[in-house]
Structure formats: structure tokens, C-alpha cells
Amino acid sequence: MSSDAHREEPGRDLSTWTLDQLQMFIHDAHGQQLETARVAAQGQAYNSSHPQEVRRQWAKLALLANRRMLDHPEGHPARVAHQEFMLRMWVIDRLGPDETDTDWLPEALASDTLDALTFTPPQAAGLAEGWRDLPTEQIRELRRHKNLTAHLESLVGYLAPGPVRERLVTWTATRPLLP
């Protein structure tokens, strides 16, 4: 297959492509193409007929497509972060943590999650009390925090007791209060 074959067949189902074919496609893709590639790679990661290490490779490719969305104006950082956190948590839950790759380390995911949050749990809870009266932008920010913390109930079970785990546990209690 030539390196441009995927461009000659725009209707081709990306879910049938090999890991290498999809990786080459992602290198030059943008916008909706990246989202389509992310979904195809993630679908392969979810495929239980693949060996565990192959599923991790597909998941890594899905992360690459997702992260590349930030290189384009149509990439939304909050959506990209949410997609990333959910896939990383899924891999940790289903395939297990991997000490050789920070994408699959619960501690790294915990740190990345906390870094993405701009409110503290008390701030978010306070704003959530009267969220209907808030400006639209603050409501969006509360929703962003709710999405960015969707994986925390699973994640805290992988973390050793300590300050990071306690901060995430506090977020799990705060999350249901958010709009």
C-alpha cells in the first residue's frame, strides 16, 4: 500500500486499517479526521480479541490522535483532556497499570487530573449552590470540572493513601453537586 493510499479512498472504514496505516494517517490528519482516527483506534483498544499489549498500542494511538487535536483550531482542550482521562482510566482498569509508561500510571493520571482543574472542591461546591444564577462561562467551567473528574471514583482505588488521594476523594464528593 502506498503512503497516500488512504487519501485515495476517503470512504474507507478506518476501523479496518492496521496500526501502522492509522498512525501514518494521524500524522497528516486534522479536525474531524483526527476524531475519526481516535474513535477507530480506541475501538481497536477495546477489542478483547487483541492481545493486551496490542490493545495498549491501539490506546496509545488513540491518545496521539486525541492530543494532536490541540494542534488545530477546532481542538477543544477540555474535550481533549476528558477523552484522554477516560481512556487512560479505562486502560488502567481493564489492562492494568504499567510502570513503564506514565500514560498508564494511576499516580500520573491523578497528577494530570489535578493540574487540569482550576477550582478547588470548596470553590466548585460554593459556585454550584447557585449555579443557575451564574454567568454562562462559569456554568461551563463547572461542567468542565464535572467532565474532568468523571473517572475519579475508579482512580482513587489505585492510589496509596496520601494528600493526592484525599484531594481526589474530595472531588468525588463534590462532583455530584456540579451542574
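**Reading the model**

Author: Threonine 172 touches Leu152 and Glu153, leaving aside residues up to four places away in sequence; a contact here means heavy atoms within 4.5 Å. Threonine 172 lies in helix α10, where helices (H or I, at least four residues) and strands (E, at least two) are DSSP runs numbered from the N terminus. The C-alpha atoms of threonine 172 and phenylalanine 119 are separated by 14 Å, the two residues being 53 apart along the chain. This is a predicted model, in which local features need pLDDT of at least 70 and side-chain atom pairs count only at pLDDT 80 or more, while totals for chains, interfaces and linings use all residues. Residues are numbered from 1 along each chain as its sequence is written, and side-chain values use heavy atoms, with hydrogens and water left out.

Reader: What is the mean pLDDT of the protein chain, and over which residues does pLDDT stay under 50?

Author: pLDDT is the predictor's confidence in each residue, from 0 to 100. The mean for the protein chain is 92, and 93% of its residues reach 70 or more. Over residues 1–10 pLDDT stays under 50, and for this stretch the model has nine contacts beyond four places in sequence.

Reader: How is a helix with a buried side to be read? Which residues of α2 are buried?

Author: An α-helix has 3.6 residues a turn, so residues three or four places apart point the same way. Buried means under 20% relative accessible area, exposed over 50%, and partly exposed in between (1.4 Å probe, protein chains only). In α2 the buried residues are Gln21, Leu22, Phe25 and Ile26. They cover an arc of only 135° around the axis, which puts them on the same side of α2; the arc is that of the directions from the helix axis to the C-beta atoms. The face turned away from this buried side carries the exposed residues Asp20 and His27.

Reader: Where is glutamine 21 placed, and is it buried or exposed?

Author: Glutamine 21 belongs to helix α2, which spans residues 19–28. Glutamine 21 is buried, with a relative accessible area of 15%. A polar atom of its side chain lies 2.8 Å from the backbone nitrogen of threonine 18.

Reader: Which residues of α7 are buried, and against which helices do they pack?

Author: In helix α7 (residues 121–129), Pro121, Ala124, Ala125 and Ala128 are buried. Their arc around the axis is only 100°, which puts them on the same side of α7. On the other side of α7, Pro122 and Glu129 are exposed. The buried residues of α7 pack against α8 (136–148) and α10 (163–174).

Reader: How many salt bridges does a search of the whole structure find?

Author: A salt bridge is a side-chain nitrogen of Lys or Arg within 4 Å of a carboxyl oxygen of Asp or Glu. The search finds twelve. In one of them, the side chains of aspartate 103 and lysine 60 meet at 2.4 Å, N to O. Aspartate 103 lies in the loop between α5 (77–95) and α6 (106–116) and lysine 60 in helix α4 (residues 52–68), so the pair ties together parts that are 43 residues apart in sequence.

Reader: With which arginine does aspartate 103 form a salt bridge?

Author: Aspartate 103 forms a salt bridge with arginine 67, the closest N and O atoms being 2.7 Å apart. This pair also links distant parts of the chain, the loop between α5 and α6 and helix α4, 36 residues apart. Aspartate 103 is buried at 7% relative accessible area, whereas lysine 60 is partly exposed at 29% and arginine 67 is partly exposed at 32%. A network of salt bridges links Lys60, Arg67, Glu84, Arg88, Asp101, Asp103 and Asp112.

Reader: How many residues has the largest nonpolar core?

Author: A nonpolar core is a set of buried Ala, Val, Leu, Ile, Met, Phe, Trp, Tyr and Cys residues joined through side-chain atoms within 4.5 Å. The largest has 24 residues, and those with the most contacts inside it include Leu22, Phe25, Ile26 and Val91. The elements giving two or more residues to this core are α2, α3 (32–46), α4 and α5. The largest share, six residues, comes from α4. Apart from this core lies another, of 22 residues, among them Leu109, Leu114, Ala116 and Val156.

How values were computed:
Polar contact = N/O pair within 3.5 Å; in protein donor to acceptor, adjacent residues only side chain to side chain.
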